[in-house]
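Here are a few notes to go with the model. Have it open while you read.

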Amino acid sequence: MLPEIWFFLWGLLWAVYFMLDGFDLGAGTLMPFLAKNDEEKRYVINAAGPFWDGNEVWLIAAGGVTFAAFPQVYATMFSGLYTALMLLLFGLIIRAVSFEFRSKLTGKGWRKLWDTCQFVGSVVPAVLLGVAFANIFQGLPIDSQGIVRGGILDLINPYGLAGGILFLVLFLVHGAIWLAIRTSGPLHERAAHTAVYLWPVQVFAILGFLAMSAATTDLFANYLQTPALFLVLLVPVLGLIAARVYMGTEQWWKAWACSAAVIVGCAFFGIIGLFPRLLPSTINPAYSLTTANASSSDLTLSIMLGVTLVFIPIVIFYQAWTYKNFAHRMDEDDLAYEEAY
């Protein structure tokens with residue numbers, strides 16, 4: 001029972017990370033296209049400024065849970081996907097540095113350098129996360145020793161690329177809505193219009209990914225075996241429809257909540273389809289890493305569960321406090337604040 005509980009928590013942590021870091025990755029990707037001058041770029045950066053590092057706590061938590069609860073999965077993932085994960089970490093690092101360094105000097109070349117890092121460090125992780133998880137959904141060439149027999153070029157296949165595009169579009173919509181919440185004036189108008197214009201692209205990307213999932217993976221097997229699971233798919237479907245309705249009525253916080261539901265729902269579509277496997281093998285299904293053959297001992301999982309029940313509510317409380325106090329619509333005072341980026 002404990003491995004199954006941790007499988008659910010493993011999926012939940014990744015879904016929460018996608019939901020939270022998705023909007024600041026999307027905002028960073030949109031910055032070169034929406035911000036027309038240096039002041040507007042500062043608004044985009046400061047829209048994510050108080051939140052991005054807290055959001056990435058969930059990435060660390062998801063990675064830590066993978067290591068502690070499913071060590072064999074961690075070892076296989078970080079050896080077989082080493083190059084892709086290093087590119088992901090490199091992107092996140094240069095993005096983090098760009099937040100801190102951009103406003104240290106006023107030279108155009110200096111700020112252009114860190115603006116480029118902000119863009120690259122946003123778009124690369126968004127695409128790589130999609131490519132990586134699509135390949136996990138599809139299965140990896142894992143042999144009997146738990147070694148992935150392939151390289152980074154093997155991840156660049158039609159289904160993997162579809163996952164990368166899906167994640168990027170989901171994050172772009174999420175980020176555009178966030179900028180519509182946090183900004184005003186022309187930047188707000190451009191962000192609002194971008195969210196509306198990207199919505200049909202998002203619908204097309206989701207439908208395309210679902211069609212390719214049906215054709216190239218066995219993700220629907222669990223759903224066909226237990227049809228009640230299809231009810232879970234109502235979350236992203238209703239979220240998608242409601243997000244567009246709230247965009248039309250300019251209720252941006254509600255649109256953001258619905259966009260978050262779309263991201264979490266899409267993540268859980270794959271997580272449910274995977275169960276009980278964490279890393280399916282395309283060489284032989286018997287080589288797949290599952291909750292049964294890749295989890296830690298019950299004692300370890302029990303201790304982890306106790307620690308999680310204590311510390312996760314603290315993290316949630318802190319982040320809720322952060323959002324309550326800093327997620328208002330920004331004005332000139334926010335850019336004049338000494339801690340502003």
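The points below cover a helix pair and the nonpolar core.

1. First, a caveat: this is a predicted model, so read every value here as computed from it.

2. Start with the pairing of α1 (residues 2–34) and α2 (residues 38–48): their axes sit 9 Å apart, at an angle of about 175 degrees. Angles over 145 degrees count as roughly antiparallel, and α1 and α2 are therefore roughly antiparallel to each other.

3. Who makes that contact? On the α1 side they are Asp24, Ala27, Met31 and Leu34, while α2 brings Glu40, Lys41, Val44, Ile45 and Ala48. Sorted by class, the contact of α1 with α2 has six nonpolar and three charged residues, and no polar ones.

4. Now α2 by itself. Eight of its eleven residues are buried, so α2 is largely enclosed by the rest of the structure. The buried ones are Glu40, Arg42, Tyr43, Val44, Ile45, Asn46, Ala47 and Ala48. Note that charged Glu40 is both buried and part of the α1 contact.

5. Have a look at the N-terminal end of α2 too. Asn37 caps it, with a side-chain oxygen 3.2 Å from the backbone nitrogen of Glu39.

6. On to the core. The largest nonpolar core has 111 residues, and those with the most contacts inside it are Trp14, Tyr17, Phe18, Ile177, Trp178, Met247 and Trp252. Helix α1 gives the most to this core, with 19 residues.

7. Tyr17 is worth a click. Leaving out residues up to four places away in sequence, Tyr17 touches Gly22, Leu25, Asn55, Glu56, Trp58, Leu59, Leu92 and Leu129.

Definitions and conventions
Residues numbered from 1 in each chain as written. Predicted model: local features only at pLDDT ≥ 70, side-chain atom pairs only at ≥ 80, totals over all residues. Heavy atoms only, no water. Axes fitted to C-alpha atoms, helices over the stretch in contact; angles between N-to-C directions. Helix = DSSP H or I, 4+ residues; strand = E, 2+ residues; numbered from the N terminus. Parallel < 35°, antiparallel > 145°, perpendicular 65-115°, else oblique. Contact = heavy atoms within 4.5 Å. Nonpolar A, V, L, I, M, F, W, Y, C, P; charged D, E, K, R; others polar. Buried < 20%, exposed > 50% of the residue type's maximum accessible area, 1.4 Å probe, protein only. Polar contact = N/O pair within 3.5 Å; in protein donor to acceptor, adjacent residues only side chain to side chain. Core = buried A, V, L, I, M, F, W, Y, C linked by side-chain atoms within 4.5 Å.
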